[in-house]
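Welcome! Open the structure in your viewer, keep the selection tool handy, and take the stops below in order.

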Amino acid sequence: MGSVVLSCAIAVAVLMVGTWALSVRLANVSIVDLVWGLAFVVVAHVARAVVDPNPRIDLLTALVTIWGFRLSGYLLWRNWGTGEDKRYVAMRKRFGDKYWWFSLIQTFGLQGVLVLIVSLPVQLAAAGDDVSLGPVAWLGVAVWLVGFGFETVGDAQLARFKADPDNEGQVMDTGLWRFTRHPNYFGDFTVWWGLFLVSLAAGGWWGIIGPIVMSVFLLRVSGVTLLEKTITKRRPGYADYIARTSAFFPLPPKRLPSDSATDGQAGSGKDDTGDFDTKSFVAEAPPAETPPTGRSGGLDSNPGSNGPDTKDASS
């Protein structure tokens, strides 16, 4: 157990410090979002290399690799040529000449720690004795597939929506976005609960710390709560979307009195909701000055980056 955790910690530290050094040279901290998903891939492969190959760790490594490469590849495609994310630009202005070392701790260091905590199910499974795959493990695969589908399809739907000039200023409320305001976050959430189930027999119950931490960040810290903390005050038109659509778990949309006047329309009409994070629900340019929020598909100082931006994503 100790050798797996230590090896993973060293690998993540090397990855994060190396990425930080590159970010200093490029003067662009946004590249941390690209390695959020890749960091989990590194953990899975290092954990697998330390132990004897077995069906459970092979399966977990495959699932994590598919998820991590998909997320990092999507963020690379989406962010290519866009410059440093506005969140990091704001922090760079705030800390000035001190930002180069501050970012090592606040952004890269924190993300590294979160990667190691969230990936506990994978590390524990690698160190466990039960290598067979039972019904719970295959249930975990099914849950993972649901989460991966939500994240992948949700990202593709939003990208296609924003690429259409006719959608400028309209709220994305079709497809998966009709049932949840954050299909990408829900996808991350479900992926990691699925991986926990795959690891459960070998890793033990305390591996549940990983998906719990991811869930808390997505729901209460860097995800839904942070992103929507001020959006309704700044963009009143977004209130209808919130009233109609589930914040996180996919549910049938509620019918509002105003819907009777807009039946048959594809979207919710012109709306000044703005691009309030890197996975915005609207197709218009961001305002000139915006406080740092959310994840860019990964977890810059939060999971997601996509993580938990987020992951987004990322958050």
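**Before you start**

This is a predicted model, so a word on its rules: local features need pLDDT of at least 70, side-chain atom pairs count only at pLDDT 80 or more, and totals for chains, interfaces and linings use all residues. Residues are numbered from 1 along each chain as its sequence is written, and side-chain values use heavy atoms, with hydrogens and water left out.

**Stop 1: the whole chain**

Colour the protein chain by secondary structure. You will find 12 helices and 0 strands, where helices (H or I, at least four residues) and strands (E, at least two) are DSSP runs, numbered from the N terminus. Following the sequence, the pattern reads α-α-α-α-α-α-α-α-α-α-α-α.

The protein chain exposes about 13,500 Å², and carbon and sulfur atoms supply 67% of that; accessible areas come from the Shrake-Rupley method with a 1.4 Å probe, and for residues only the protein chains shown count as cover. Of the 315 residues, 53% count as buried. Buried means under 20% relative accessible area, exposed means over 50%, and partly exposed lies in between (1.4 Å probe, protein chains only).

**Stop 2: two helix pairs**

Select residues 135-163, helix α7, together with residues 183-203, helix α8. The two pack at an angle of about 165 degrees, their axes 7 Å apart. That makes α7 roughly antiparallel to α8. Axes here are lines fitted to C-alpha atoms, for helices over the stretch in contact, and angles run from 0 to 180 degrees between N-to-C directions. As for the names, angles under 35 degrees count as roughly parallel, over 145 as roughly antiparallel, 65 to 115 as roughly perpendicular and the rest as oblique. The crossing of α7 and α8 is left-handed: a crossing is left-handed if the near helix is turned anticlockwise from the far one by less than a right angle, and right-handed if clockwise.

While you are in helix α7, pick out Phe148. Phe148 is buried, with a relative accessible area of 17%.

Next, show α1 with helix α6 (residues 120-127), which pack at an angle of about 140 degrees with axes 8 Å apart. α1 and α6 are therefore oblique to each other, and their crossing is right-handed.

**Stop 3: charged pairs**

Side chains of opposite charge can pair when their charged atoms come close. How many salt bridges does the structure hold? There are 7, each being a side-chain nitrogen of Lys or Arg within 4 Å of a carboxyl oxygen of Asp or Glu.

Begin with Arg87 and Asp33, whose side chains meet in a salt bridge (3.2 Å, N to O). This pair links distant parts of the chain, with Arg87 in helix α4 (residues 86-95) and Asp33 in helix α2 (residues 31-50), 54 residues apart. Are these two residues buried or exposed? Both Arg87 and Asp33 are buried.

Move on to Arg48 and Asp58, a salt bridge whose closest N and O atoms are 2.6 Å apart. Arg48 lies in helix α2 and Asp58 in helix α3 (residues 55-79), so the pair ties together parts that are 10 residues apart in sequence. Arg48 is partly exposed at 32% relative accessibility, and Asp58 is partly exposed at 29%.

A further salt bridge joins Arg92 and Glu84, with 2.8 Å between the closest N and O atoms. Arg92 counts as partly exposed at 28% relative accessibility, while Glu84 counts as buried at 18%.

**Stop 4**

Select Val24, Trp100, Trp101 and Ile105, which make a nonpolar surface patch of about 420 Å². Patches are made of residues with over 30% relative accessible area and no salt bridge: like charges are joined within 9 Å, nonpolar side chains (Val, Leu, Ile, Met, Phe, Trp, Tyr) within 5 Å. Helix α5 (residues 99-118) gives the most to the nonpolar patch, with 3 residues. Val24 sits in helix α1 (residues 2-26) and is partly exposed at 38% relative accessibility.

Finish at Ala27, in the loop between α1 and α2. Most residues other than glycine have a negative phi. Ala27 is not a glycine, yet its phi is positive, about 55 degrees. At 44% relative accessibility, Ala27 counts as partly exposed.
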